[in-house]
Amino acid sequence: MIWNETKECMSRDEMTNLQSSRLVKMVNRVYHNVEFYRKKMQQMGIEPGDITGIEDLNKLPFTTKADLRDNYPFGLFAVPKSDIARVHASSGTTGKATVVGYTKKDIAIWSECVARILTMAGVTREDSIQVCYGYGLFTGGLGVHYGTEYLGATAIPMSTGNTEKQLNIMMDFGATVLASTPSYAMHLAEALEETGRLDKIKLKAAIMGAEPWTDNMRTHLETKLNIHAFDIYGLSEVMGPGVAGDCIYHKGLHIQEDHFLPEVIDPHTLKPVEFGEVGELVFTTLTKEALPLFRYRTKDLTSISYEKCECGRTQARISRFKGRSDDMLIIRGVNVFPSQVESALLNIDGVKPQYLMVVDRVGNLDSLEVLVEVEERYFSDEIRELDKLTKKIAKVLQSALGIAVKVKLVEPKTIERSEGKAKRVIDKRKLY
Amino acid sequence: MFVKQLCVFLENRAGRLNSILDILRDNEINIIAVSLADTSEYGILRMMVSDAQKGKAVLKEAGFSAMVNDVICIKVSHKTGSLSKVLDILLAENISVEYMYAFANGKYASAVMKFSQPEKVAELIEKDGIEVWSSEEITSMSF
């Protein structure tokens, strides 16, 4: 099934024409409504008239997460505040969140994109989707929820956590589709297996997103739950989940290209890579009203293919992600930068201790352990004092990162320093 | 009244305790009493040694977190109930024990103790004639 055949199966020429005309309009609108971009364009000596189609895309400036942060909270919005129907936010690297906004039309387009991707995964109005992404400032929960409703399926808005309740609802309400992070899906599958309830569920598909996963995990999940598992990709700055998703052939994720214009660049030279080569994925939004972005650098490494898919769709497809061009980690679906850990630790008493983040996957759930060297100023002759210190660090990190952190005190000088700079992260998960 | 105690932080890893003992041996620091308080992740090694300050310096040199602090070392006779007799006096004043360890030397048994209110304990020791070891006596102990 294809939700919007006109848009998802158009010829390359039709698509580039549509993208070009949308881009021209969008650049005009942004130039006149967003001071940040107007100034940037003026500095670069370009005017809206210089952009006549997607072949002029590389004349436009890039946008980074730092630009959004610098314009916190609403500085990049292109519409009056009264037109903003909703805001979302993602955690920032220095405590300030990255805020994104949507008009009613933006939300309608978002819902359309999610509906396309759900349909790509075989979801119909007959289905009930258990949404286990967080509802709130995070785009995951509400994004998939609105797409589910728009499609006409039934949304079961569970949000995250409380595994036992999730399983009971899944069985009692007869959920047929699970939307969650792949690691949480594994966790649910394991819990079902342990309690002998695997045959009590009606799941047929799972829509997995918000964190990278491997083909091995997909196979494992599909076998264990007897379902088909699909990828959904998105990022709040560009929209949220629904920017791209994969079909039953699993030959890459179809980008909703009529709304998001993709490029792949070399993260060092910022020039486009050769066709099919791996580089950093960059998106220009084509239809977004509230927060239109020029060439937003996702920092996700992938390659693009423009061949028609066996499923009939002609949209550009991105390959499984090959990693990140920055040091961001995704832990239990939450974006974590080592610099957040660093500034949180600095806040404890103004002096940064030596630390090491160890990310692992234990029983299908990600864990973050932070090793902190017990320098003399932290040391005490009483276990109770050291326990207090451990709990205090854990609490500070947890509130800064939004995920549970296990803190382990280690001896001074035991965290490896290489060439004067300590290694800050060990990721034991093999996700790319 | 107070005696110096040497404390060292150590992780629960094979060979850590031994490397501390090696350092102390190489620097001719004698251990008179020792206790290891352990949790699942780490431990605190607490010791009475012949030279606590030097012990701290050499351990720090080797990269360990070490500190010297004041504790009280009570003399207890080898007689049933003598430690509880001392603790009864302190408990009556609402003083609690943070930690303790014991060692025996000749005529006496000895209890190294850290209390919740060390100053108050010092007063009680004076008043009630509780016998304690002095710093000099401890550091010169050898068996």
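Guide: Some housekeeping before we start: residues are numbered from 1 along each chain as its sequence is written, with chains lettered from A and ligands numbered from 1 in the order in which they are written. Since the model is predicted, local features need pLDDT of at least 70 and side-chain atom pairs count only at pLDDT 80 or more, while totals for chains, interfaces and linings use all residues; side-chain values use heavy atoms, leaving out hydrogens and water.

Visitor: How far apart are the centres of domain 1 of chain A and domain 2 of chain A?
Guide: Chain A is assigned domain 1 (70-326) and domain 2 (334-427), with bounds from an automatic or database domain assignment. Taken over C-alpha atoms, the separation of the centres is 31 Å.

Visitor: Which residue forms a salt bridge with A:Arg361?
Guide: Between domain 1 and domain 2 of chain A the count is one salt bridge, meaning a side-chain nitrogen of Lys or Arg within 4 Å of a carboxyl oxygen of Asp or Glu. For A:Arg361 the closest N and O atoms are 3.5 Å apart, and the partner is A:Glu211.

Visitor: What is the order of the nine strands in the open sheet of chain A?
Guide: Strands here are DSSP runs (E, at least two residues; helices are H or I, at least four), numbered from the N terminus, and two of them pair if DSSP finds at least two bridges between them. The pairing in this sheet is mixed, and the order is 4-3-5-6-7-8-9-14-13.

Visitor: Why is one side of strand 4 and of strand 13 of chain A left without a neighbour in the sheet?
Guide: Strands of a sheet pair through backbone hydrogen bonds, either parallel or antiparallel. Strand 3 (residues 128-131) of chain A runs parallel to strand 4 of chain A, joined by four bridges. Strand 4 (154-157) and strand 13 (304-305) stand at the edges, so one side of each lacks a neighbour: each has a single partner strand.

Visitor: Which three residues supply 40% of the area that chain A buries against chain B?
Guide: The contact (heavy atoms within 4.5 Å) takes 19 residues from chain A and 25 residues from chain B. The two chains bury about 1800 Å² between them, 53% of it on carbon and sulfur atoms; that is the accessible area (1.4 Å probe) lost on being put together, summed over both. The trio, supplying more than any other three residues, is A:Phe379, A:Asp381 and A:Glu411.
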